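Subject: Structure handover

Hello,

The structure I am handing over is shown below. My notes on it follow.

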Amino acid sequence: MYLEETDEYKLYEVESMTALNNENCTKIIRAQSQVYKTYYCVAFSSKLKLGLVGEGHGIPPHVERLSDHYIIGLDDKLYVVNSQIGDISFKVLDSLIFDILFYADSIVIICELDVYSFCIKKNSLQLNWLANIEDIVTGYKLTGEQLFIESEEARAVIELSNGYLNIVGKLL
């Protein structure tokens, strides 16, 4: 069972929807899906406790904090939770979420096939830009104002200020 614990939250996996219901979560979040295979509970230090239901793609949830908000990525869904009032907003992205990074006032989301940049306005996510990699992302590195991306077939650099994507080399 997956477990991650910090000073701000505890994230753990449970085995079923019944077990998740028994956790007494404040809210259970699940997007429309044909199949539910993973069940997680996130208990925040603010006493907010969320249940997360996923599709079981093998990537555990990502939880990051930005000011009064928690950013949670699970499968292809990105959730923003206001830790003060418990409001939740979400976006369904075009591919699976690999990681969540921060740059200036933006949230940068590394996905299987894309890179997104969002900002939070009035407790909701607003898209700054989207860079379509068109190949499976195999590695990345944040350096200054640039994000270096490796995919199965190429290398690219994304300017984080505007999302400009520059393919810098093809791999053999």
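A salt bridge here is a side-chain nitrogen of Lys or Arg within 4 Å of a carboxyl oxygen of Asp or Glu. This is a predicted model, in which local features need pLDDT of at least 70 and side-chain atom pairs count only at pLDDT 80 or more, while totals for chains, interfaces and linings use all residues. Residues are numbered from 1 along each chain as its sequence is written, and side-chain values use heavy atoms, with hydrogens and water left out.

Salt bridges

The whole structure holds five salt bridges. One of them joins Glu-55 and Lys-77, at 3.0 Å from N to O. Glu-55 sits in the loop between strand 5 and strand 6, and Lys-77 in strand 8, 22 residues apart (strands are DSSP runs of E, at least two residues, numbered from the N terminus). Both Glu-55 and Lys-77 are buried, where buried means under 20% relative accessible area, exposed over 50%, and partly exposed in between (1.4 Å probe, protein chains only). Asp-76 belongs to a salt-bridge network with Glu-55 and Lys-77.

Another salt bridge pairs Arg-155 with Glu-150, at 3.4 Å. Arg-155 is partly exposed because its relative accessibility is 41%; Glu-150, at 34%, is partly exposed too.

Strand 4

Thr-38 lies in strand 4, which covers residues 38-44. Thr-38 counts as buried because its relative accessibility is 12%. Beyond four places in sequence, its contacts (heavy atoms within 4.5 Å) include Glu-13, Leu-52 and Glu-55. Phe-44 touches Glu-8, Tyr-9, Leu-50, Val-63, Tyr-70 and Ile-72, again leaving aside neighbours within four places.

Regards

Definitions and conventions
Helices (H or I, at least four residues) and strands (E, at least two) are DSSP runs, numbered from the N terminus.
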